[in-house]
Amino acid sequence: MIQNEIAELFFKNKKTLAVAESCTGGYLSHLITSVPGSSEFFKGAVVSYSNEIKRSVLNVRELNLKKHGAVSEFVVNDMAINTMGLFDVDYSIATSGIAGPGGGSEEKPVGTVWICVATQLHHFDPNLSRVEIIHKAAETALQMLKEELLKDLGE
């Protein structure tokens, strides 16, 4: 499983990680903490489901929330960068999206998920269930983290 591969990289290289989740609702943190010994590298998480928590805890800029919305590249960038400072870690992951079944729009349909490690937009199949979108978003975030770690470590 990818979380085991990531854990090995963190253990081996003595790096630390924190997470800011919205649409994944803690599932990403669950995957990470399912690895025995993950407390050696995983410092914590904020599940910021509301914009109020994004602003007050993660210091997401009000301008970004108003202009671009919570499901945007700008907001996940703020979430990821500010989580690094909040937890004093080497890496962070942030997620924000629309898992459905409601809440989507033409511009941002169900299945739209922004993930920041190296910022990328993902459109998952809108016909997937809410749980499937959450799982795919968390797994994709871990894959992105693994790729970023390998790149940074020259492996």
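Buried here means under 20% relative accessible area, exposed means over 50%, and partly exposed lies in between (1.4 Å probe, protein chains only). The model is predicted: local features need pLDDT of at least 70, side-chain atom pairs count only at pLDDT 80 or more, and totals for chains, interfaces and linings use all residues. Residues are numbered from 1 along each chain as its sequence is written, and side-chain values use heavy atoms, with hydrogens and water left out.

**Salt bridges**

A salt bridge is a side-chain nitrogen of Lys or Arg within 4 Å of a carboxyl oxygen of Asp or Glu. The whole structure contains five of them.

| Pair | N to O distance |
|---|---|
| Arg-61 and Asp-78 | 2.5 Å |
| Lys-66 and Glu-62 | 3.8 Å |
| Lys-151 and Glu-148 | 3.5 Å |

Helices (H or I, at least four residues) and strands (E, at least two) are DSSP runs, numbered from the N terminus. Arg-61 and Asp-78 form a salt bridge at 2.5 Å. The pair links distant parts of the chain, 17 residues apart. Arg-61 sits in the loop between α3 (51-56) and α4 (62-68), whereas Asp-78 belongs to helix α5. Arg-61 is exposed, at 52% relative accessible area. Asp-78 is buried, at 6%.

Lys-66 and Glu-62 share helix α4, where they are four residues apart, about one turn of the helix. Lys-66 is exposed, with 67% relative accessibility. Glu-62 is partly exposed, at 31%. Both belong to a network of salt bridges that also links Arg-55.

Lys-151 and Glu-148 are in helix α6; they are three residues apart, so about one helical turn separates them. Lys-151 is exposed, with a relative accessible area of 57%. Glu-148 counts as buried, at 16%.

**The largest nonpolar core**

A nonpolar core is a set of buried Ala, Val, Leu, Ile, Met, Phe, Trp, Tyr and Cys residues joined through side-chain atoms within 4.5 Å. The largest one has 47 residues. Its members that touch the most others are Phe-10, Leu-17, Leu-28, Ile-32, Met-79, Ile-93 and Leu-145. Helices α1 (2-13), α2 (27-33), α5 (73-87) and α6 (130-153) each give two or more residues to this core. So do strands β1 (17-21), β2 (42-47), β3 (91-97) and β4 (112-116). The largest share, nine residues, comes from α6. In soluble globular proteins, nonpolar side chains tend to be buried together.

Contact means heavy atoms within 4.5 Å. Setting aside residues up to four places away in sequence, Leu-145 touches Ile-6, Phe-10, Leu-17, Tyr-91, Ile-93 and Val-117.

**Ser-48**

Ser-48 lies in the loop between β2 and α3. Its relative accessibility is 0%, so Ser-48 counts as buried. Beyond its neighbours within four places in sequence, Ser-48 contacts Glu-21, Ser-22, Ile-53, Lys-54, Leu-58 and Met-79.

**Cysteines**

A disulfide is a pair of cysteine sulfur atoms within 2.5 Å. The structure holds zero disulfides. The sulfur of Cys-23 has its closest cysteine sulfur in Cys-116, 13 Å away, which is too far for a bond. Cys-116 is likewise in no disulfide, with the sulfur of Cys-23 as its nearest cysteine sulfur. Cys-23 is buried, at 6% relative accessibility. Cys-116 is also buried, with a relative accessible area of 6%.
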